[in-house]
Amino acid sequence: MDNLRNIPAVDEILGDERIKDLSSQYNRQFVVTIVRQAVENLRLELKLEAEAVSKKDLIERITQQVLKKISASKGTLYKVINGTGVVLHTNLGRAPLGNRALEYINRIAGDYNNLEMDLTAGTRGSRYDHVENLLIELTGAEAALVVNNNAAAVMLGLNTFAFDKEVIVSRGQLVEIGGSFRIPEVMKLSGAKLVEVGTTNKTYASDYVSAINENTRMLFTAHTSNYKIIGFTAEVSMLEMTALGKEHSLPVMYDLGSGIIYDMQQWGLSGEPLLRESVAAGVDIISFSGDKLLGGPQAGILIGKKKYINEMKKNQLTRALRVDKIAIAALEGTLLEYLSGNPVDNIPIIRMLAASPEELKDKAGELADKIRSNAENWCKLKDIAIKPTEDMVGGGAYPTLRIPGYAVQLEFVSGALEEIARELRLMRPALLARLQDNKMLINVRTLINGDDELIVRNLQELIKKDDISSGSSI
Ligand SMILES: *Cc1c(COP(=O)(O)O)cnc(C)c1O
């Protein structure tokens with residue numbers, strides 16, 4: 001019972017130097033609440049303990065609990081150093097934003113703005129107006145609309161034009177994209193009825209024609225963005241599709257997945273249509289993601305013929321799928337970079353995709369040198385070298401394409417690899433590397449400025465830990 005009488009007062013804990021330090025960094029009420037909870041927890045614990053505990057120990061127990069709880073309050077989103085060489089890594093937030101997009105977010109989101117105000121007329125405006133002209137300018141489309149993401153864009157298109165009616169899709173395009181986007185499921189939720197035609201590898205114009213009836217409202221094409229059926233080219237089918245649509249007075253919707261504005265053929269990225277080409281082919285509605293090859297924020301972008309885009313704007317579903325000011329600001333910054341800036345230097349994913357093997361080899365050499373000079377005595381490191389790699393675009397774009405790159409390869413003493421990879425993932429920032437043939441590859445294509453130093457720092461920390469645990473005095 002003495003234990004209970006010895007429980008320190010909340011003020012006493014708040015007077016501890018360590019807690020005082022914290023109180024200056026955090027909201028005082030937050031710290032007080034956590035201290036109160038810790039005192040209460042201690043009271044419950046002590047009821048079950050028979051042995052006497054000194055007041056000093058009681059204070060220490062509470063303080064430790066408070067410190068632990070507060071350090072766990074830092075949130076769960078962290079920077080990750082992407083050493084995988086997958087440029088649009090779906091698990092790592094897809095496209096990192098460029099500086100202009102970040103500036104726009106800063107300037108707009110932290111202040112009042114004209115999101116829904118027409119400043120000329122002094123009346124209510126539309127959030128959808130802001131990036132529409134930029135998208136028209138950059139793609140040649142008649143109109144544009146931006147919603148939450150591409151899944152929402154597809155849903156909106158189907159719901160607007162084919163609710164309770166039929167949409168014809170080729171069996172070769174019933175795609176599933178990572179993160180559980182499945183065309184048949186989205187179609188069901190939109191209220192449209194899926195009519196499958198053709199086979200997995202071959203669908204002819206005549207297959208569509210024989211499925212068209214008085215209930216048909218749309219011809220739908222999905223870009224097979226994460227796999228390839230060899231021998232079937234999107235461009236040819238696109239022209240055939242638009243001709244069919246015209247002939248039968250049906251809109252053609254093309255779910256493009258990734259929207260490409262900047263032609264990257266010079267770096268070997270060919271075979272996927274540019275947005276401008278799909279518009280020129282006469283597609284009525286095109287949808288794509290903002291955070292795939294466009295290199296912008298998460299968004300679902302719809303471009304196409306004015307009469308269709310306007311109809312989608314009027315759908316009540318648009319309100320539920322609407323895009324927020326942060327994404328609009330980032331998208332405006334990104335699109336302006338394409339229009340009048342320098343996308344190759346300033347849009348991170350384009351810069352990464354444009355990096356030449358020679359440039360990457362130099363970069364890998366520099367990183368290897370930095371690691372080498374810091375990890376000389378690391379008992380677990382057996383070898384360090386630079387190696388050519390085959391990098392991927394990711395994000396469901398160019399699924400079969402491999403772009404030549406370079407990585408720093410670390411070879412460890414046997415059995416150490418998985419544990420070191422785990423430790424590096426648990427550091428802040430985390431480092432995600434590729435593990436291959438029992439070696440660790442840190443691919444330099446996907447590193448961002450300043451990552452070299454962070455990698456070296458993380459490795460130093462790991463080496464220090466290893467030295468302590470192995471009893472080494474280095
Ligand atoms: C990625 C992708 C989607 C989903 O886009 P989100 O922006 O992630 O919603 C839909 N269709 C295709 C073809 C895609 O590649």
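## Ground rules

A residue counts as buried under 20% relative accessible area, exposed over 50% and partly exposed in between, using a 1.4 Å probe and protein chains only. This is a predicted model, so local features need pLDDT of at least 70 and side-chain atom pairs pLDDT 80 or more, while totals for chains, interfaces and linings use all residues. Residues are numbered from 1 along each chain as its sequence is written, and side-chain values use heavy atoms, with hydrogens and water left out.

## The overall picture

The protein has 474 residues, and 49% of them are buried. Its C-alpha trace spans about 90 × 55 × 45 Å along the principal axes.

## An acidic patch

Asp 362 sits in helix α18, residues 357-374. At 51% relative accessible area, Asp 362 is exposed. Asp 362 also belongs to a negative surface patch, along with Glu 358, Glu 359 and Glu 366. (Patch members have over 30% relative accessible area and no salt bridge, and like charges are joined within 9 Å; a salt bridge puts a Lys or Arg side-chain nitrogen within 4 Å of an Asp or Glu carboxyl oxygen.)

## Aromatic pairs

Across the whole structure there are four aromatic pairs. Ring centres must lie within 6.5 Å; planes under 30 degrees apart are stacked, over 60 edge-to-face and the rest tilted. Tyr 26 and Phe 30 make a tilted pair, 5.9 Å between centres and 35° between planes. Phe 30 is partly exposed at 29%.

Trp 378 and Phe 412 have centres 5.4 Å apart and planes at 70°, so they pair edge-to-face. They're 34 residues apart in the chain, and both are buried.

Conventions: Patch = residues over 30% accessible without salt bridge, like charges linked within 9 Å, V, L, I, M, F, W, Y side chains within 5 Å. Areas by Shrake-Rupley, 256 points an atom, 1.4 Å probe, with all protein chains shown as cover. Lys, Arg positive; Asp, Glu negative; His and termini not counted. Charge placed at Lys NZ, Arg CZ, Asp CG, Glu CD. Helix = DSSP H or I, 4+ residues; strand = E, 2+ residues; numbered from the N terminus. Phe/Tyr/Trp six-rings, centres within 6.5 Å; stacked < 30°, edge-to-face > 60°.
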